[in-house]
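Subject: Structure handover

Hello,

Here is the structure I promised to pass on. Please open it first, then read the notes below.

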Amino acid sequence: MDQIAVISDIHGNVPALQAVLNDIARRSIRTVFCLGDMIGKGPQSDVAVDLCRERCAVAIKGNWEDDFWGARAEPIVAWHIERLGMARVAALNELPFCHDFLLSGRRVRLLHGSAESTSGYVKLEDALSVKAAIFHNTSLTGYENPEPDVVGYGHIHKAYSQHAGRGRILFNAGSVGNPTDEATASYAVLHGVLDSAETASFSLELVRVPYDIELAVKLARDADLPDLAAYEFELRTARYRGEMYAD
Ligand SMILES: [Mn+2]
């Protein structure tokens, strides 16, 4: 049986990424796939990209990797680009939109947000009829492969898995570095026979890993992260920064 760790949304939080990579190593998992958003938000996008490049067999584009040359003109993006350097930014721009593979006879597709966009939202509370669109082939996924039986995604920073009708499974790997469901790093593990079209045992686990939040906050403070208060709020409370002043 093969084990594949699926990590997502690291967002420059290196203490969280290191805790997850250590956990993956302790479980003797050799294959790691990354669903994007390695960068942005946290202070160490450059280190996060380098660690992912070293450790991940596959990495796909998140909305942060996708938006750099487009609409995001905010000063905070310039801050992250400066730390990343143009060579890394150019390499991130070349990442694919999705990754399809076979596992124990199931067609698995990994993408970041939705089948239409890296920044499309498929929310935990959406009705299954709405969520089902994530299984469709689009101009971005390509039409050459059949539609998947299993879809894994990121972007919403909340881990879950559910049966999606007609034998399909949908899961979200949660976020390594910026979770908004509980204040621990999140990732998923797939178990099965990789690249095999033959039906065999298949399973999916959601893993939570505690990490040193104090260190993550200190690194952000030492780096003079421009939106430190919002970042610290998210790491400590596992709530989105938009809720910061809500109560
Ligand atoms: Mn994200």
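Helices (H or I, at least four residues) and strands (E, at least two) are DSSP runs, numbered from the N terminus. This is a predicted model: local features need pLDDT of at least 70, side-chain atom pairs count only at pLDDT 80 or more, and totals for chains, interfaces and linings use all residues. Residues are numbered from 1 along each chain as its sequence is written, and side-chain values use heavy atoms, with hydrogens and water left out.

**The metal site**

Start with the manganese ion. Its donors are Asp9 (OD), His11 (NE2), Asp37 (OD) and His157 (NE2), at 2.0 to 2.5 Å. Donors here are N, O and S atoms within 2.8 Å of the metal (3.2 Å for Na, K and Ca); water is not among the atoms, so sites may look incomplete. Along the chain the donors are spaced D-x1-H-x25-D-x119-H. Asp9 and His11 are both buried. Buried means under 20% relative accessible area, exposed over 50%, partly exposed in between (1.4 Å probe, protein chains only).

**The loop between E6 and E7**

His157 sits in the loop between E6 and E7. His155 lies in that loop too, between strand E6 (150-153) and strand E7 (160-163). Most residues other than glycine have a negative phi. His155 has a positive phi of about 70 degrees. His157 has a positive phi of about 65 degrees. His155 has 7% relative accessibility, so it counts as buried. His157 is buried as well, at 8%.

**The largest pocket**

The largest pocket has a volume of about 550 Å³. A pocket is an open set of points on a 1 Å grid over the protein atoms alone, where a 1.4 Å probe fits, with protein on both sides within 12 Å along at least five of seven lines; lining residues have an atom within 4 Å of a point. The volume is the space filled by probe spheres set on the points, which are joined across faces, edges and corners. H3 and H4 each give two or more residues to the lining. There are 23 lining residues, and Lys41, Tyr121, His155, His157 and Tyr240 lie nearest the centre.

**Helix H4**

Which residues of helix H4 (residues 75-84) are buried? They are Ile76, Val77, Trp79, His80 and Leu84. Exposed Pro75 and Glu82 are on the face turned away from the buried side. Just after H4, Gly85 has a positive phi of about 85 degrees.

Best wishes
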